[in-house]
Amino acid sequence: MRLDIVSIFPEYLAPLELSLVGKAVRTGIVELAVHDLRQWTHDRHRTVDDTPYGGGAGMVMKPDPWGEALDALVPPGTAGDPVLLVMTPSGRRFDQALAAELAGERHLVVACGRYEGIDARVVEHARSRLRVLEVSLGDYVLNGGEAAALAITEAVVRLLPGVIGNPASLTEESHAAGHDGLLEYPVYTKPPSWRGLDVPPVLFSGHHGQIAAWRREQAVERTRQRRPDLLPSEYDPLVVARAVEA
Ligand code: ADE
């Protein structure tokens with residue numbers, strides 16, 4: 001996968017050199033480039049923002065540097081069907097399903113906005129020649145798109161073949177498609193007793209069926225308590241009660 005990230009704070013993306021994403025870059029699974037938006041400015045102050053038409057607080061990112069950046073990274077007529085991801089709190093909320101979709105792409109260009117956002121004509125123009133997805137990390141406001149770009153890059157890159165040593169860990173974890181959308185069950189390691197707290201005895205039983213049943217029960221209970229919105233309907237007591245009545 002090729003990944004181009006554009007920001008006025010390229011240093012913000014330095015952690016992508018670390019850990020599994022860094023390794024994916026070094027082994028060639030990901031071809032990553034972080035670009036300073038200011039290289040596409042032409043004035044002495046390398047200006048990327050201006051006051052908003054119509055008034056109001058804050059500044060807006062100028063269209064020209066973004067237009068030039070996108071022309072340089074995706075020259076008109078480029079083959080390969082790249083996707084432009086624009087980080088914005090007004091975008092589609094990022095989730096595991098979107099991470100999985102994006103992991104199937106060959107080329108992602110990630111635009112990190114700052115201030116009150118990017119002049120709306122940038123996305124409008126990009127849509128005329130590219131697939132564009134405005135993406136939000138969640139329902140809260142960050143100072144800019146960089147932290148969202150970090151999170152999204154990590155969530156996508158770890159799904160690429162060869163990035164995670166044991167692919168089984170991808171299917172067992174929270175929000176994974178093969179896990180019914182349940183949260184992950186609690187996990188334990190040695191020692192068996194720690195500060196007066198014991199590991200649940202079933203985990204020492206060696207009985208795989210019982211362990212699997214216990215983990216499933218824990219996952220369902222956790223999901224019911226913490227994220228009832230994620231609970232599949234077959235675990236919803238109302239749905240179960242109606243099915244028994246019928
Ligand atoms: N920029 C500011 N807030 C953001 C958010 N929640 N997601 C993506 N980009 C952002």
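**Stop 1: a loop by the ligand**

Start by selecting G138, which sits in the loop between β7 and α5. Those labels come from DSSP runs numbered from the N terminus: helices are H or I runs of at least four residues, and strands are E runs of at least two. Before you go on, know that this is a predicted model: local features need pLDDT of at least 70, side-chain atom pairs count only at pLDDT 80 or more, and totals for chains, interfaces and linings use all residues. Residues are numbered from 1 along each chain as its sequence is written.

Is G138 buried or exposed? It counts as exposed, because it has 12 C-beta neighbours inside 10 Å. The cut-offs work like this: with C-beta atoms placed from the backbone, a residue is buried if 20 or more other C-beta atoms lie within 10 Å of its own, exposed if 12 or fewer, and partly exposed in between.

Now click L137, in the loop between β7 (131–136) and α5. L137 has 20 such neighbours, so it counts as buried. Leaving out residues up to four places away in sequence, L137 touches F94, L142, A148 and A151. Touching, or contact, means that the two C-beta atoms, placed from the backbone, lie within 7 Å.

**Stop 2: around the ligand**

Select M87, T88, P89, S136, L137, G138, Y140, V141, L142, G144, G145 and A148: these are the residues around the ligand. To be listed, a residue needs its C-beta atom, placed from the backbone, within 6 Å of the molecule. Which element gives the largest share of this shell? Strand β5 (residues 83–93) does, with 3 residues. The shell holds 7 nonpolar residues, 5 polar and no charged. Here Ala, Val, Leu, Ile, Met, Phe, Trp, Tyr, Cys and Pro count as nonpolar, Asp, Glu, Lys and Arg as charged, and the others, Gly among them, as polar.

The UniProt record (an unreviewed entry) places a "binding site" at G113, L137, G138, D139, Y140, V141 and L142. Its positions are in the numbering used here, feature names are shortened, and annotations may be inferred rather than shown by experiment.

**Stop 3: along β5**

Pick S90, which lies in strand β5. S90 counts as exposed because it has 9 C-beta neighbours inside 10 Å. Not counting residues up to four places away in sequence, S90 touches E134 and S136.

**Stop 4: the nonpolar core**

Next, highlight I5, L85, M87, V109, V110, A111 and A149, the residues with the most contacts inside the largest nonpolar core, which has 42 residues. Such a core is a set of buried Ala, Val, Leu, Ile, Met, Phe, Trp, Tyr and Cys residues joined through C-beta atoms within 7 Å. The largest share of this core, 6 residues, comes from α5. Zoom in on I5: not counting residues up to four places away in sequence, I5 touches L13, V34, H35, V110, C112 and A149.

**Stop 5**

Most residues other than glycine have a negative phi, and most peptide bonds are trans. Now look at S19 in helix α1: its phi is positive, about 55 degrees, although it is not a glycine. Then jump to the peptide bond from K190 to P191, which is cis, with omega near 5 degrees.

**Stop 6: zoom out**

Show everything: the protein has 8 helices and 9 strands. Of its 246 residues, 24% count as buried.
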